[in-house]
Amino acid sequence: SLLKVLFFVGSCSVQHCTDASRCVLSEDQKSCKCAIGFYSDQCDKNAHFKVMCGRDYMAIRASEDFFNYYKVPLESLHLPNKSCRAEKEVIDDATFYMFRISKEKYLACGGQPLQKNSTHLLYSLSVQSELPATGKIIRDPILKMDFTCIYPYIRRVTLPFPVFPISSEMVMHVDEMDATIQMMLYSDHTYTEAYTVSPTIELREKVFVEVSVTEPEDYFVLRLNECWATQSPQPNSTEGLVHSLIHNGCADDETVSFIDVDDQKSGRNGESHTIRYSFDMFRFITEPYELYLHCTVQLCELEDQTSCISGCNSITKREAVRANPSEGLLSYGPIKIEMPDRPQSSLLTSVVLPVAAVWALGFFLTILVTVAKAGSRRVAKIEEH
């Protein structure tokens, strides 16, 4: 990803432009401007710019304080097509202005003609603010941010070795038959590309989970009884926090949705040998922030399929489940969280330096007292003589 920010706003303070990583002086050293990512007269504030180039979307965000400093309201920000506007989003108690568009809406929102070479594809867009005219004059700044997402130009090739997705797999023994069950995470709603390494997912992004009977494929019906997330790789660990996603076959988190395997519509739990569901990414309030996903599963034979159906709005259907169902456990992880950089206070500045200052002051006062006493004794001796 590439980012270019233009401000038609005046210069920063030359006398405070001492850090070249944050502030750039002109050749004659009579003016300066802040480096990308920093703002204010002293270029000491971080705008937390971030360009995100997803598989099927592009996004750019910056902190609300940055726009407030330049007096650019949320309502005035838009892409070249003014119907494509910014939204406010709160992440970990910090407020950001966010532009997010799908690749399908790229041209409609004013994206530049797609550039392509033998290795990469380039998508380029501009965020800009409306001209803040007051009568015949303009006093507020105009802002423009150009950002580019660069994607590899994907071509199908034959590899000398296979690329395997990471997954959780187990074997259940049911009525003298072994069944292999697998749990995997996918990068989007198409369920075509499974993660091959531990995924890193942004807060509020959809997490797409698939649990399926891989062998024998058409003999059992699968039901998810419980799914939950933990801070520990151990599903029943008493250490760390736990968050429930599915309970008794039904969604226990407001963002959980079962997805139909065939046409991506709303699905149901316990009606097929494959179950797909999604939930919005989250993190726990304490470290470690990465999480592990666990699911208990139940298998039903085709003639006993009703025992696996989750009647989430009917108590009688839930009571129809067999007393001793065949149940197994799958675990997946870690799933890592991508979070925006946040300004952190310096322990050296907030603790060490104040303490050092107190000690230095005490040492200086001790010297003064010693010198004063020595001077008094010298005066006394002179008077005696």
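So, M170 stands opposite I181 in β17, and that is where I'd like to start today. Keep in mind that this is a predicted model. The strands behind that pairing are β16 and β17, the latter covering residues 177–186; they run antiparallel and are joined by seven bridges.

Let's zoom out to the sheet. Five strands make it up, in the order β16-β17-β19-β24-β23, with antiparallel pairing, and the sheet is open. Which strands stand at the edges? They are β16, residues 168–174, and β23, residues 257–259; each has a single partner strand, so one side of each has no neighbour in the sheet. On average, neighbouring strands here are turned by 25 degrees against each other, ignoring direction.

The structure holds 15 aromatic pairs. Take F49 and F66: their ring centres are 5.0 Å apart and their planes sit at 75 degrees, so this pair is edge-to-face.

F67 is buried, like F66. Ring pairs then link Y39, F49, F66, F67, Y69, Y70 and Y97 into a cluster.

Last stop, friends: arginines over rings. R100 lies over the face of Y57, 3.7 Å from the ring centre. R283 lies over the face of Y289, at 4.1 Å from the ring centre.

Notes: Residues numbered from 1 in each chain as written. Predicted model: local features only at pLDDT ≥ 70, side-chain atom pairs only at ≥ 80, totals over all residues. Heavy atoms only, no water. Pairing = 2+ DSSP bridges. Helix = DSSP H or I, 4+ residues; strand = E, 2+ residues; numbered from the N terminus. Axes fitted to C-alpha atoms, helices over the stretch in contact; angles between N-to-C directions. Phe/Tyr/Trp six-rings, centres within 6.5 Å; stacked < 30°, edge-to-face > 60°. Buried < 20%, exposed > 50% of the residue type's maximum accessible area, 1.4 Å probe, protein only. Lys NZ or Arg CZ within 6 Å of the ring centre and 35° of its normal.
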